[in-house]
Amino acid sequence: MSEANANKRSKTSGWKIAVRIMIPVLLVLALFGGMVFGYVVLGDQELSEVFEWGTWRHVFDLIFAP
């Protein structure tokens, strides 16, 4: 019985580790996908500008300007 529990436990812990890794990766992919969609499709700008630091600094300044 202890062997069966050990096998079951190892499968479960492996799944938990995979989920803990997949969730942040999927969140980052969703962030980049949203940035690209919003800036390129809705904003009608070029894709190369999405990954420039100056673009997002400007957006931040527009949002949080006094």
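Apart from its neighbours within four places in sequence, Thr-55 is in contact (heavy atoms within 4.5 Å) with Tyr-39 and Glu-49. The structure is a predicted model, in which local features need pLDDT of at least 70 and side-chain atom pairs count only at pLDDT 80 or more, while totals for chains, interfaces and linings use all residues. Residues are numbered from 1 along each chain as its sequence is written, and side-chain values use heavy atoms, with hydrogens and water left out.

Thr-55 belongs to helix H2, which covers residues 53-63. A polar atom of the Thr-55 side chain lies 3.0 Å from the backbone oxygen of Glu-49. Thr-55 has a relative accessibility of 12% and therefore counts as buried (buried is under 20% relative accessible area, exposed over 50%, partly exposed in between; 1.4 Å probe, protein chains only). Tyr-39, one of the two residues in contact with Thr-55, is also buried, at a relative accessible area of 17%.

The chain as a whole contains two helices and zero strands (DSSP runs numbered from the N terminus: H or I of at least four residues for helices, E of at least two for strands). Of the 66 residues in the chain, 6% are buried. The chain exposes about 6000 Å², and 69% of this area is supplied by carbon and sulfur atoms (Shrake-Rupley method, 1.4 Å probe; for residues, only the protein chains shown count as cover). Helix H1 comprises residues 2-42, and Val-25 is found in this helix. With a relative accessible area of 45%, Val-25 is partly exposed.

Three aromatic pairs were found in a search of the whole structure (Phe, Tyr and Trp rings, the last by its six-membered ring, with centres within 6.5 Å; planes under 30 degrees apart are stacked, over 60 edge-to-face, the rest tilted). In one of them, the ring centres of Phe-32 and Phe-51 are 6.0 Å apart and the planes stand at 50°, so this pair is tilted. The pair connects distant parts of the chain, with Phe-32 in helix H1 and Phe-51 in the loop between H1 and H2, 19 residues apart. Phe-32 is partly exposed, at 37% relative accessibility, whereas Phe-51 counts as exposed, at 54%.

Tyr-39 and Trp-56 form another tilted aromatic pair, 5.9 Å centre to centre with 50° between the planes. This pair also links distant parts of the chain: Tyr-39 lies in helix H1 and Trp-56 in helix H2, 17 residues apart. The relative accessible area of Trp-56 is 28%, so Trp-56 is partly exposed.

Leaving aside neighbours within four places in sequence, Trp-56 is in contact with Met-35 and Val-50. Met-35 and Trp-56 are 21 residues apart along the chain, and their C-alpha atoms are separated by 9.9 Å.

The loop between H1 and H2 includes Asp-44. Asp-44 has a positive phi of about 60°, although this residue is not a glycine. Its relative accessibility of 68% means that Asp-44 counts as exposed.

Conventions. A polar contact is a pair of N or O atoms within 3.5 Å; within protein, one must be able to donate a hydrogen and the other to accept it, and residues adjacent in sequence count only if both atoms are side-chain atoms.
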